[in-house]
Amino acid sequence: QWDAAQGRVVRIVGAASDVTAAKHAEEALRESEERFSLAVAGANDGVWDWRMDANEVYLSPRWKAILGLAPEDLGTDPQGWVERLHPADADRVAAAVLAHIEGRAPDLHVEYRLRHEDGSYRWVLSRGVAVRDATGKAYRMAGSLTDITPRKQAEE
């Protein structure tokens with residue numbers, strides 16, 4: 001506060017907060033994100049995240065690269081993924097997803113074929129787990145996509 005009669009500041013009011021805990025939490029989050037990013041990059045898998053409540057899907061650049069797509073291809077509509085399913089695998093994939101969403105399977109673990117940009121089909125392994133609300137209803141599912149084409153070709 002300025003005292004005009006005395007021509008000087010006579011009172012300063014301030015507040016201080018200890019932000020040590022917040023800084024430690026920020027650092028722990030940064031390290032966790034870095035750990036996750038390194039693990040995903042090392043696994044060479046694609047990552048997907050399906051927001052069922054918003055009917056939107058995130059497909060990582062690696063997920064798209066497995067199918068010969070550019071990072072900007074497909075967008076957030078899950079239909080772009082569904083349309084690439086091999087017709088002979090579509091019902092089985094839908095059944096596996098539904099079994100997990102409904103709680104009849106502990107996770108999603110399904111092998112199927114997806115159409116590559118060059119028109120061929122790639123064998124993939126899709127793994128995922130649902131996030132559920134307090135009532136147990138799944139509203140989100142996220143997981144990984146692994147190209148298993150070389151293994152399938154060796155099996156044949």
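Residues 24 or more positions apart account for 44% of the contacts in the chain with a separation of 6 or more, a contact being defined by heavy atoms within 4.5 Å. The structure is a predicted model, in which local features need pLDDT of at least 70 and side-chain atom pairs count only at pLDDT 80 or more, whereas totals for chains, interfaces and linings use all residues. Residues are numbered from 1 along each chain as its sequence is written, and side-chain values use heavy atoms, with hydrogens and water left out.

The chain contains five helices and seven strands, where helices (H or I, at least four residues) and strands (E, at least two) are DSSP runs numbered from the N terminus. Along the sequence these elements follow the pattern β-β-α-β-β-α-α-α-β-β-β-α. Of the 156 residues of the chain, 31% count as buried, the term buried denoting under 20% relative accessible area, exposed over 50% and partly exposed the range in between, with a 1.4 Å probe and protein chains only. The chain exposes about 10,100 Å², of which carbon and sulfur atoms supply 54%; accessible areas come from the Shrake-Rupley method with a 1.4 Å probe, and for residues only the protein chains shown count as cover.

Five strands form an open sheet in the order E4-E3-E7-E6-E5, with antiparallel pairing, two strands being taken as paired if DSSP finds at least two bridges between them. The edge strands are E4 (56-59) and E5 (108-115), each of which pairs on one side only. Neighbouring strands of this sheet are turned by 25 degrees against each other on average, direction ignored; axes are lines fitted to C-alpha atoms, for helices over the stretch in contact, and angles run from 0 to 180 degrees between N-to-C directions. Helix H4 (residues 90-101) packs on the sheet, where it touches E3, E5, strand E6 (121-132) and strand E7 (138-147), and its direction makes about 150 degrees with that of E5.

Strand E4 presents a covered face, Val 57 and Leu 59, and an uncovered one, Glu 56 and Tyr 58.

A search of the whole structure finds two aromatic pairs, for which rings of Phe, Tyr and Trp (its six-membered ring) must have centres within 6.5 Å, planes under 30 degrees apart counting as stacked, over 60 as edge-to-face and the rest as tilted. Trp 48 and Trp 81 form an edge-to-face pair, at 5.2 Å centre to centre and with 65 degrees between the planes. This pair links distant parts of the chain, with Trp 48 in strand E3 and Trp 81 in helix H3 (residues 79-82), 33 residues apart. Trp 48 is buried at a relative accessible area of 1%, and Trp 81 is likewise buried, at 13%. The rings of Trp 63 and Trp 81 have their centres 5.3 Å apart and their planes at 70 degrees, so that this pair, too, is edge-to-face. Here Trp 63 in helix H2 (residues 61-66) and Trp 81 in helix H3 are 18 residues apart, and the pair again links distant parts of the chain. Trp 63 is buried, with a relative accessible area of 0%, and Trp 48, Trp 63 and Trp 81 form one aromatic cluster.

Two buried aspartates lie in loops. Asp 45 is found in the loop between helix H1 (20-43) and E3, and counts as buried at 11% relative accessibility. Asp 45 and Leu 145 are 100 residues apart in sequence, yet 5.5 Å apart in space, C-alpha to C-alpha. Asp 89 lies in the loop between H3 and H4 and is buried, with a relative accessible area of 3%. When its neighbours within four places in sequence are left aside, Asp 89 is in contact with Tyr 112 and Arg 113.
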